[in-house]
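Try each task yourself, then compare your steps with the solution.

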Amino acid sequence: MRYISTRGSAPALDFEAVTLAGLASDGGLYIPEAWPRFSADEIAALAGLSYVETAVRVMAPFVGDALGEDELRALCTQAYGRFSHDAVTPLVQLDHRHWLLELFHGPTLAFKDVALQLLGLLFERFLSQRDTHLTIVGATSGDTGSAAIDAVAGRAKIDIFMLHPAGRVSDVQRRQMTTMLAPNVHNIAIEGSFDDAQAMVKALFADREFTGRFALSAVNSINWARLMAQVVYYFYAGVRLGAPGKAIAFAVPTGNFGDVFAGYVAAQMGLPVERLIVATNVNDILHRALSTGDYSTGQVVPTATPSMDIQVSSNFERLLFDLGAREGSAMAAQMQGFEASRAMKLTNAQREGAAKLFASARIDADAMSLAMRWANERAGQILDPHTAVGLAAAMHHADEIDPAVPIVTLATAHAGKFRDAVERATGIRPGLPARVGSLFSREERFVTLPADLNVVKAWIAERATPSA
Ligand SMILES: *Cc1c(COP(=O)(O)O)cnc(C)c1O
């Protein structure tokens, strides 16, 4: 399997190189040269397999020759062995239509663990054969940072520098990052928004002097291996609810468009996906783009769902590239226009292609609270705010979907991770599961820096290990 850049001018890479690189050198994102396709028989054969076996079958075509099947299985066994539920991502029924796919049974209580526990092991495995030291630089609205730090803390040949917007992550999220005191972990609180932090990370990746000194790698969902690992649970849930004989709809609380893009990949691979419902909060660039073709940024409004408080959705570029006949030079021009004016229009081909599979909804605080209360009263389920945004969008579109199609809302975080917001919406204060341990009595370590690229760059350069 080879990977090409959405902007057409970076070299094609294999799985190992694409995993270590993250972003492409032309500023684009890597995507498989062609989608692997499963026949209906191959999908039917997934029924009854464990999560790990499903993961091996779904990921093998993307990994190609980079790992043997036994090696891939060993890494998946280790990564998913850290989850607290035997099914890894169990399904829970809410009523005759609606289901939850619980993705939060990993060590840091959000779905990011599903991909990052594996990614940490892939980094270690690929670095073991190379004479390279990796410098991970990432921006987080909370959950990627905690999951990535958990996945790489203490690993040899890796340093991680994680930028989060100061004061805009929950206390649980912050402590999950800042109480990891391994010497290879560096937390930076940025005096700005998530988008400010993400823009600085992108600028560092584009800085030739910096990338010449340090082997930079990404753990944001711009890293292809993350999306690949997330494709697995769409298949795992789909076959449990009747695929390939039956179609399934998924509602996905969305920020950077990574999780829902994994659903798009599953559909390209042959999973019968009836609809992908993109749920946004009031930071609704994706809802506007999908419903009117207008992809233009506004000011970020802080909400109870911080992991969705963004105005630029990096992975949307992958979808636009695939829907726009995969023309790298046209994509590069479209994105340069966007980067200059902070706005762009989708082409007709992109709009029509997206409309075949996607629906979207913008969910405000009232609709979110209503969905939380409904899930609690109807099914005794306490939802985290992000999941509630997803469920509200699922309910909004349910009438347009064939009543025989189950609608699965991706439950992206444990309610305990956002307990203040849950308490404000429902009056119920969810507990934290035992696996987070003594989070609130441990020492924290982080630095606060201004949203100034030169200051951040100098701070990292002083502490990072040169590539070789
Ligand atoms: C990251 C995150 C999201 C958004 O996922 P994307 O892949 O960025 O679209 C939604 N909910 C939670 C809890 C998250 O951590």
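**Exercise 1. Find how β9 and β10 are joined, and which residue is the bridge partner of F250.**

Step 1. Strands β9 and β10 run parallel, with six bridges between them. Two strands count as paired if DSSP finds at least two bridges between them. Helices (H or I, at least four residues) and strands (E, at least two) are DSSP runs, numbered from the N terminus.

Step 2. Look along β10 for the partner of F250: the residue is L276.

Step 3. Seven of its eight residues are buried, so β10 is largely enclosed by the rest of the structure. Buried means that 20 or more other C-beta atoms lie within 10 Å of a residue's own; 12 or fewer makes it exposed, anything in between partly exposed, and C-beta atoms are placed from the backbone.

Before you go on, note that this is a predicted model: local features need pLDDT of at least 70, side-chain atom pairs count only at pLDDT 80 or more, and totals for chains, interfaces and linings use all residues. Residues are numbered from 1 along each chain as its sequence is written.

**Exercise 2. Work out the order of the strands in the open sheet of six, and say which strands are its edges.**

Step 1. Follow the pairing across the sheet: the order is β3-β4-β14-β9-β10-β13, and the pairing is mixed.

Step 2. The edge strands, each pairing on one side only, are β3 (91-93) and β13 (358-362).

Step 3. On average, neighbouring strands of this sheet are turned by 25 degrees against each other, direction ignored. Axes here are lines fitted to C-alpha atoms, for helices over the stretch in contact, and angles run from 0 to 180 degrees between N-to-C directions.

Step 4. Three bridges link β3 to β4 (residues 98-102) in the antiparallel sense, and V92 has L100 in β4 as its bridge partner.

Step 5. Helix α12 (residues 285-292) packs on this sheet and touches β10 (273-280) and β13; the directions of α12 and β13 make about 135 degrees. Contact between two residues means that their C-beta atoms, placed from the backbone, lie within 7 Å.

**Exercise 3. Decide whether helix α7 is mostly covered or mostly open, and list what covers its buried residues.**

Step 1. Count the buried residues: six of the eight in α7 (residues 171-178) are buried, and the helix is mostly covered. The buried ones are V172, Q173, R174, Q176, M177 and T178.

Step 2. The cover includes α6 (143-152), β6 (158-165) and β7 (185-191).

Step 3. Start with α6. It packs against α7 at an angle of about 30 degrees, with the axes 8 Å apart. That makes α6 roughly parallel to α7; angles under 35 degrees count as roughly parallel, over 145 as roughly antiparallel, 65 to 115 as roughly perpendicular and the rest as oblique.

Step 4. Name the residues in contact: D143, G145, S146 and I149 from α6, with Q173, Q176 and M177 from α7.

Step 5. Turn to the strands. β6 and β7 run parallel and are joined by six bridges, with I160 opposite V185 in β7. Six of the seven residues of β7 are buried, so β7 is largely enclosed by the rest of the structure.

**Exercise 4. Describe how α5 and α10 are placed against each other.**

Step 1. Their axes come within 8 Å and cross at roughly 130 degrees, which makes α5 oblique to α10.

Step 2. The contact is made by V114, A115, L116, L118, L119 and L122 of α5 and by A225, R226, A229, Q230 and Y233 of α10.

**Exercise 5. Look for backbone exceptions in the loops.**

Step 1. Recall the rule: most residues other than glycine have a negative phi, and most peptide bonds are trans.

Step 2. V88, not a glycine, has a positive phi of about 60 degrees. V88 sits in the loop between α4 (69-80) and β3, and is buried, with 26 other C-beta atoms within 10 Å.

Step 3. L109 also has a positive phi, of about 70 degrees, without being a glycine. Its place is the loop between β4 and α5 (112-127).

Step 4. A cis peptide bond, with omega of about 10 degrees, joins A243 and P244. P244 lies in the loop between α10 (224-240) and β9 (248-253).
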